[in-house]
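Subject: Structure handover

Hello,

Here is the structure for you to open. My notes follow below it.

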Amino acid sequence: MMEKEVNYTPWIEQRADPYVTCEHGGKYYFTASVPSYDRVVLRCADHLEDLADAEEKTVWTKHESGDLSFNIWAPEIHYLFGGWYIYFAGSDKDDIWKLRPYVLKCEGEDPMRDPWVELGKMKRSEDDPFSFEAFSLDATVFEDAGQWYYVWAEKVGVGRQISNLYIARMKSANELATAQVLLTTPDYDWERHGFWVNEGPGVLKHDGKLFMTFSASDTSPAYCVGLLIAQQGADLLDPRSWEKLRDPVMKSDKEHGLYGPGHNSFTKDEEGKDVIVYHARTTDKLICENPLYDPNRHTMKRVVEWDGNGMPVFQ
């Protein structure tokens, strides 16, 4: 890995939880949480680099009251089951931590021009009485061996709840076919700063393996990225199919002015190289007491390097 290839300056300022895809139609699409947490935005460009200056369009706005009236977080845009969908979380302004996962569907083939409609909350399977009954967010989807999977964070327990990652197979774009399976819970000290957290999953495929990143700890400079690994084609609903690394794969780096890296996605550049897109701060000084409401989490990116053991190098 050559130092000159690593850029620690913001790519798109004040956009957290970034998601970039070029999985359908040849164009790049970008979405992310905005500091006001009140809408879903979308950008489109022919080239990855051009997303930074692309016009940003609001494709959906929060409700005035009730569900989806507060904390509109972490949208992701995906093409699956023959259409474009956006997965995101939202809460109620009268119950701001009542986070639940929701789905939007594009009524046409052009996400930037065609209207988006609400499909409501993500539906759990008929044999699952538990999913989405508590604080749930940060859903992503991915395909393996012809099956689509839905992965999300949900809190369990009483008092200071613990945020775990769960996985299920999908029946349709807005309904699960199987009950939840626990993938990872905060086991280590680096996952337990401020809150015990595993959230923000992202999936990278390479050389027959699935690499699932996830974010850990609170959204302060302690925020960091862990990694799960599975073989493509394995039984992904069996927790034994996944290996969890003992240490984080991305964390704050004072030397380069990188603080709280996390909540990433993966795409490919025009040369076919894997690219990690993530958010981070450029300072450890926050402008408000709660880091969640500090707007200065910026979207950054870099090419993923691969070491001699076939492991990704993100930092």
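Is I12 buried or exposed? I12 has a relative accessibility of 3%, so it counts as buried. (Buried means under 20% relative accessible area, exposed over 50%, and partly exposed in between, with a 1.4 Å probe and protein chains only.)

Two notes on the source. The model is predicted, so local features need pLDDT of at least 70 and side-chain atom pairs count only at pLDDT 80 or more, while totals for chains, interfaces and linings use all residues. Residues are numbered from 1 along each chain as its sequence is written, and side-chain values use heavy atoms, with hydrogens and water left out.

**The chain overall**

The chain has 22 strands and zero helices. (Both are DSSP runs numbered from the N terminus: helices are H or I with at least four residues, strands are E with at least two.) The radius of gyration is 18 Å, close to the 20 Å from the globule rule for 315 residues, so the chain is as compact as a globular protein of that length. (The radius is taken over C-alpha atoms; the rule is 2.2 Å times the number of residues to the power 0.38.) The C-alpha trace spans about 50 × 45 × 45 Å along its principal axes.

Of the 315 residues, 54% count as buried. Take the contacts between residues at least 6 apart in sequence: 50% of them join residues at least 24 apart. (Contact means heavy atoms within 4.5 Å.)

There are 34 positive and 53 negative charges, and their mean positions are 2 Å apart. (Lys and Arg count as positive, Asp and Glu as negative; His and the chain ends are not counted. Each charge is placed at NZ of Lys, CZ of Arg, CG of Asp or CD of Glu.)

**I12 and strand 1**

I12 sits in the segment before strand 1 (16–21). Leaving out residues up to four places away in sequence, I12 touches F30, R43, L51, A52, H298 and T299. L51 is 39 residues from I12 along the chain, and their C-alpha atoms are separated by 8.4 Å.

Strand 1 itself is largely enclosed by the rest of the structure, because six of its six residues are buried. Strand 1 runs antiparallel to strand 2 (residues 28–33), joined by four bridges. (Strands pair if DSSP finds at least two bridges between them.) A16 stands opposite S33 in strand 2. The hairpin of these strands has six residues between them, and G25 there takes a positive phi near 90 degrees.

**Strands 5 and 6**

Strand 5 (residues 70–80) is mostly covered, with 10 of its 11 residues buried. Seven bridges pair strand 5 with strand 6 (residues 83–92) in the antiparallel sense. H78 faces Y85 in strand 6. Two residues lie between the strands in this hairpin, where F81 has a positive phi near 50 degrees.

**R100**

R100 lies in strand 7 (residues 95–106). R100 counts as buried because its relative accessibility is 12%. Among the residues R100 touches, beyond four places away in sequence, are F88, K121, F132 and E133.

Four strands form an open sheet in the order 14-15-16-17, paired antiparallel. Strand 14 (198–206) and strand 17 (243–244) are the edges, each pairing on one side only. Strand 16 (residues 224–231) pairs with strand 17 over two bridges. K244 in strand 17 is the bridge partner of L228.

Best wishes
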